[in-house]
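Have a look at the fold before reading on.

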Amino acid sequence: MSRVLHRAGGTPPVAVGGEGIRLRLADGRSIIDASGGAAVACLGHGNRRVAEAIGRQAGAMAYAHTGFFSSEPAERLADMILDGSPGGLTHAYFCSSGSEGTEAALKLARQYFVEIGQPERTRFIARRQGYHGNTLGALAAGGNMMRRALYEPILSPAFSHVSPAFAYRFQRRDETEAQYVARLADELEAEFQRLGPESVVAFIAEPVVGATSGCAAAPPGYFERVRAICDRHGALLILDEVMCGMGRTGTTHAWQQEGVTPDIQVIAKGLGGGYQPIGGILIGGRIVDAVRTGSGSFMHGHTYQAHPVACAGALEVQRVIAEEGLVANVAAMGARLEQGLTERLGNHSHVGDIRGRGLFWAVEFVTDRASRGVFDPALRLNERVKQAALDEGVAIYPMGGTIDGRQGDHVIVAPPYIVTPAEIDEIVDRVGRAIDTALADVRTA
Ligand SMILES: Cc1ncc(COP(=O)(O)O)c(C=O)c1O
């Protein structure tokens, strides 16, 4: 009997090894990891270069407190990611997870306004059906109603939420894309006015919403409107690229496809590819300057921030991505994945939408395509698809509550950046069969 408190009831199978896009289980099965966990394993499994870099750093100097010392891997990782100051981002703060990254972003944004003499800014605006992590601050920022519900009474009231930019579900049939964007922008503006624009610290959003609503990119022009509203009111724009960033959507940063730049960007999963726990924030120069010329230091910190072994692992991951041109492979294989999913499932009577970017795709299920009705959440369709996929030897990431935290089902396909054309075709094949099987089960349930 396992003494580990697992996520779900029961004890899951034990994974013992991994090579390329495959994981090996203790019972001998080989599973294609077609979602890299939750869009984490960007280099796949068993990368020797990364494993050796981690081993070398652990042997040379595993830990030195960041209150006293910096480390070579942390310095080189920041240099590499911030080379050319993308979007005016000049500094990095590394931590151990996406949630810690969100916490750091929220706190630094608040501190920035205190430093520049605007301590009355205490409010954050976020979106429903977005996710920023599971620690209490990040959970309060997020709009994943399913994950929030139990903790609602202990979440900070400093956060309010506006509508997601999620056209498949929320663009009205009588409005154009431009009208939908205008409606969302008006709603955000109204929320600034309701709170008092001078009280808002930041707006936080995922450029492509990940697990919560399933690879939902905003309609064109949305983030430009958002950026303009934040600028007009002197608030910051925090973009959470924990899931969609670091190459996952076909460009190093997801914001590069939106025509905007963030003031603070949260990164994690694809940064270290799962070889070590690591997250971080990338910070605009004016924020760092305000802290430096003000109080002098960021009033925040963790024992394991900028951990040398984690940074060494992430540095090697980023070097492999750069040297092997893997972001270009994400774009090329992403196009093949889109085409494969569309050909296999595009006419499926229970597939309502296939959406995504790069190697970040979701399939959303409906009772019928015309009404876009949802399956009874009690059927747990997304879990059934996950299980059917595992039976087909492929792991994909399931989620329910696509629409409002309760209703709707989707699965995410997000293979490692190293995936080959033949592997994409095999993934599509297996996922297609798993979806057929799970839906056949549900119809007879
Ligand atoms: C967009 C986004 N932000 C934050 C997080 C939290 O990251 P972590 O689970 O590493 O704390 C996640 C994790 O799924 C995420 O997808």
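A nonpolar core, as the term is used here, is a set of buried Ala, Val, Leu, Ile, Met, Phe, Trp, Tyr and Cys residues joined through side-chain atoms within 4.5 Å. Keep in mind that what you are looking at is a predicted model.

With that in hand, start with the largest nonpolar core, which has 45 residues; Leu-43 and Phe-365 touch the most other members. Which elements give two or more residues to this core? They are the helices α2 (48–60), α12 (308–323), α13 (326–345), α14 (381–391) and α15 (421–444), together with the strands β13 (351–357), β14 (360–365) and β17 (409–413). Helix α15 supplies the largest share, with nine residues. As a rule, nonpolar side chains in soluble globular proteins tend to be buried together.

Now zoom in on Leu-43. Setting aside neighbours within four places in sequence, Leu-43 is in contact with Val-50, Tyr-275, Val-317, Val-320, Ile-321, Leu-326, Pro-416 and Ile-418. Apart from this core there is another one, made of 41 residues, including Ile-81, Tyr-180, Leu-188 and Val-200.

Next, find the ligand. The residues around it are Ser-97, Gly-98, Ser-99, Tyr-131, His-132, Gly-133, Glu-206, Asp-240, Val-242, Met-243 and Lys-269. How does this shell divide into nonpolar, polar and charged residues, and how many are there of each? Three are nonpolar, five are polar and three are charged.

The side chain of Asp-240 has an N or O atom 2.7 Å from a ligand nitrogen, while Tyr-131 uses a backbone N or O atom, 3.4 Å from a nitrogen of the ligand. Lys-269 puts a polar side-chain atom 2.8 Å from a ligand oxygen. Taken alone, the ligand would expose 400 Å², and the protein buries 82% of that.

From here, turn to helix α11, which spans residues 285–293 and has Gly-285, Ile-287, Val-288, Ala-290 and Val-291 as its buried residues. What do they pack against? Their partners are the strands β4 (89–95), β10 (236–240), β11 (264–267) and β12 (279–284), plus helix α4 (98–115).

Arg-357 sits in strand β13. Is Arg-357 buried or exposed? Its relative accessibility is 18%, so Arg-357 counts as buried, given that the cut-off for buried is under 20%. The side chain of Arg-357 makes a polar contact of 2.8 Å with the side chain of Glu-258. Beyond four places away in sequence, Arg-357 touches Val-208, Ala-217, Ala-218, Arg-248, Thr-249, Gln-257 and Glu-258.

Asn-382 belongs to helix α14 and, with a relative accessibility of 8%, counts as buried too. Leaving out residues up to four places away in sequence, Asn-382 touches Pro-398, Met-399, Gly-400, Asp-409, His-410 and Val-411.

Finally, look for Ser-156 in the loop between α6 (145–148) and β6 (159–162). Ser-156 counts as partly exposed because its relative accessibility is 34%. The side chain of Ser-156 reaches the backbone nitrogen of Ala-158 at 3.0 Å. Ser-156 and Ala-140 are 16 residues apart in sequence, with their C-alpha atoms 6.0 Å apart in space.

Definitions and conventions: Residues are numbered from 1 along each chain as its sequence is written. This is a predicted model: local features need pLDDT of at least 70, side-chain atom pairs count only at pLDDT 80 or more; totals for chains, interfaces and linings use all residues. Side-chain values use heavy atoms; hydrogens and water are left out. A residue is near a molecule or strand if one of its heavy atoms lies within 4 Å of it. A polar contact is a pair of N or O atoms within 3.5 Å; within protein, one must be able to donate a hydrogen and the other to accept it, and residues adjacent in sequence count only if both atoms are side-chain atoms. Accessible areas come from the Shrake-Rupley method with a 1.4 Å probe; for residues, only the protein chains shown count as cover. Ala, Val, Leu, Ile, Met, Phe, Trp, Tyr, Cys and Pro count as nonpolar, Asp, Glu, Lys and Arg as charged, and the others, Gly among them, as polar. Buried means under 20% relative accessible area, exposed over 50%, partly exposed in between (1.4 Å probe, protein chains only). Helices (H or I, at least four residues) and strands (E, at least two) are DSSP runs, numbered from the N terminus. Contact means heavy atoms within 4.5 Å.
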